[in-house]
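User: I'd like to learn how to read a few backbone and packing features in a model. Could you walk me through them?

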Amino acid sequence: MARLLVKDCIIIPITGEVISEGVIAIEDDQLFYVGPARGLPPEWVADEVIEARDRVALPGLINAHTHAAMTLLRNFADDLPLKTWLEEKIWPQEAKLERQDIYWGTQLALLEMLRSGTTTFADMYFHMEAVAEAVIASGMRACLARGLIGYQDRLGLRLRSAEAFARQWQGAGEGRVTTMLGPHAPYTCPPEYLKKVMAAAERVGVGLHIHLAETRGEVEEMRRQYGRTPVELMESLGLFELPAVAAHCVHLTPLEIEILARRGVGVAHCPESNLKLGSGIAPVSEMLSKGVKVGIGTDSAASNNNLDMLEETRLAALLAKGLCQEPTLIPAARALQMATLNGAAALGLEDKIGSLEAGKKADVVLINLKQPHLYPVYDPQASLVYAARGSDVETVIVNGKVLMYKGEVRTIDEDKVMAEVSRCIEKFS
Ligand SMILES: [Zn+2]
């Protein structure tokens with residue numbers, strides 16, 4: 001058994017009070033003990049020790065919605081409406097992408113996420129075998145779904161391969177990879193197609209990852225075509241009887257919020273992408289107060305344009321305050337909970353990850369607080385939400401393995417990734 005001890009750090013467990021000086025004892029892939037040093041049995045001896053004075057430890061951040069390989073299209077097309085951006089800029093380029101491109105684009109995303117403290121992400125894209133291989137090699141954790149566009153899949157071949165992928169990769173990489181089915185959105189997947197996807201998800205025993213109620217235009221189109229709003233339409237199809245994570249949920253009626261809460265739908269709030277594409281601001285406080293499981297996602301690097309979850313978390317907190325003209329909304333502790341435990345719950349992983357508690361998987365991030373922009377520290381949670389940035393992350397542990405130590409990534413060759421990405425994007429010019 002491998003025993004790793006993280007010593008003398010401030011600990012934000014998410015599920016309990018902040019521990020001003022504590023230790024984290026890890027056995028193999030699990031947290032054995034989290035708390036003050038005096039609570040660790042004296043006979044417990046570590047094989048490896050990480051000295052973490054002046055560091056704060058928190059659970060790995062969970063990016064509840066992204067398209068990792070779209071790092072290849074970072075800065076490719078900006079300042080456009082969603083429909084034009086997708087149909088005229090993004091989709092034509094994506095049609096050129098091959099398996100190897102997806103692999104290297106994902107590697108770049110993994111590198112960026114790891115460097116900024118994300119340990120788990122929910123991904124929807126294509127060539128997902130390449131994504132799964134990259135995730136497994138990196139040591140990170142991910143919930144993967146092959147994105148499905150109904151009107152491009154008249155014969156159902158993509159759905160069949162998505163189902164096979166979900167079946168084959170569920171639990172791969174010592175359980176670090178989980179799978180879902182990924183119907184893109186109600187406006188790209190008509191009800192008859194969605195029903196087929198739901199049947200496939202049921203056969204495999206997995207949930208669904210979908211974009212929902214992202215723009216005002218989507219809501220109007222669904223109303224016109226089906227006489228229902230996007231969430232009402234999904235409810236009428238029975239889609240929420242399966243575990244589901246819905247990205248965006250910007251335009252919701254009180255009734256729809258009630259449906260999301262009652263059905264236990266996970267929501268991936270992606271504030272930066274929603275702002276950049278001019279989609280609007282999701283009613284996060286209302287959703288949280290009704291008990292909706294709202295996590296945070298970055299969406300892709302093509303509409304954000306980075307995968308920095310600390311930045312996204314700060315924006316989520318600030319937007320809710322500004323939108324409602326109420327500074328007490330989404331306090332720092334709640335914002336961090338959204339970026340960790342709520343994200344885990346949205347992905348159905350709350351029993352495994354999202355908080356630092358004995359028995360959970362050892363996904364831990366260390367941030368150095370002894371830096372000019374973070375000093376002094378009265379409240380470490382507020383310090384992280386309102387002042388820290390992704391680049392402050394120093395050490396990252398996933399499943400008990402140290403993937404980054406003091407800024408050195410151990411599992412991904414950074415120079416090679418940059419060189420391969422440059423080669424992949426030659427086809428866009
Ligand atoms: Zn998306």
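Predicted model: local features only at pLDDT ≥ 70, side-chain atom pairs only at ≥ 80, totals over all residues.

User: What is the peptide bond from Asn-304 to Asn-305 like, cis or trans?

Analyst: As a general idea, most peptide bonds are trans. Here, the bond from Asn-304 to Asn-305 is cis, with omega near 5°. Tyr-375 and Pro-376 are also joined by a cis peptide bond, with omega about -5°. You'll find Pro-376 in the loop between β14 (364–368) and α13 (380–386).

User: Okay, now phi. What is the phi of Asp-79 near?

Analyst: In general, most residues other than glycine have a negative phi. Asp-79 isn't a glycine, yet its phi is positive, near 60°. Look for Asp-79 in the loop between β6 (61–66) and α1 (82–94). His-127 is another non-glycine with a positive phi, about 50°, and His-127 lies in the loop between β7 (118–125) and α3 (128–138).

User: Is His-127 buried or exposed? And why does Asp-79 count as exposed?

Analyst: Count C-beta neighbours, with 20 or more within 10 Å meaning buried and 12 or fewer meaning exposed. His-127 has 20 other C-beta atoms within 10 Å, so it is buried. Asp-79 counts as exposed because it has 8 C-beta neighbours inside 10 Å.

User: Next, helix packing. What angle do α2 and α3 pack at, and how far apart are their axes?

Analyst: Two packed helices are described by the angle between their axes and the distance between the axes. Helix α2 (residues 99–115) packs with α3 at about 40°, and their axes are 8 Å apart. The α2 and α3 crossing is right-handed.

User: Which residues in α2 and α3 meet?

Analyst: From α2, they include Ile-102, Tyr-103, Leu-110 and Leu-114; among those in α3 are Ala-130, Val-131, Ala-134 and Val-135. The residues of this α2 and α3 contact split into 8 nonpolar, 3 polar and 2 charged.

User: Zooming out, how many helices and strands are there in the protein chain?

Analyst: The chain has 14 helices and 17 strands. Its radius of gyration is 21 Å, close to the 22 Å from the globule rule for 429 residues, so the chain is as compact as a globular protein of that length. The C-alpha atoms fill a box of roughly 65 × 50 × 40 Å along the principal axes, and 55% of the 429 residues are buried.

Technical notes
Residues numbered from 1 in each chain as written. Helix = DSSP H or I, 4+ residues; strand = E, 2+ residues; numbered from the N terminus. Rg over C-alpha atoms; globule rule 2.2 N^0.38 Å. Axes fitted to C-alpha atoms, helices over the stretch in contact; angles between N-to-C directions. Left-handed = near helix turned anticlockwise from the far one by under 90°. Contact = placed C-beta atoms within 7 Å. Nonpolar A, V, L, I, M, F, W, Y, C, P; charged D, E, K, R; others polar.
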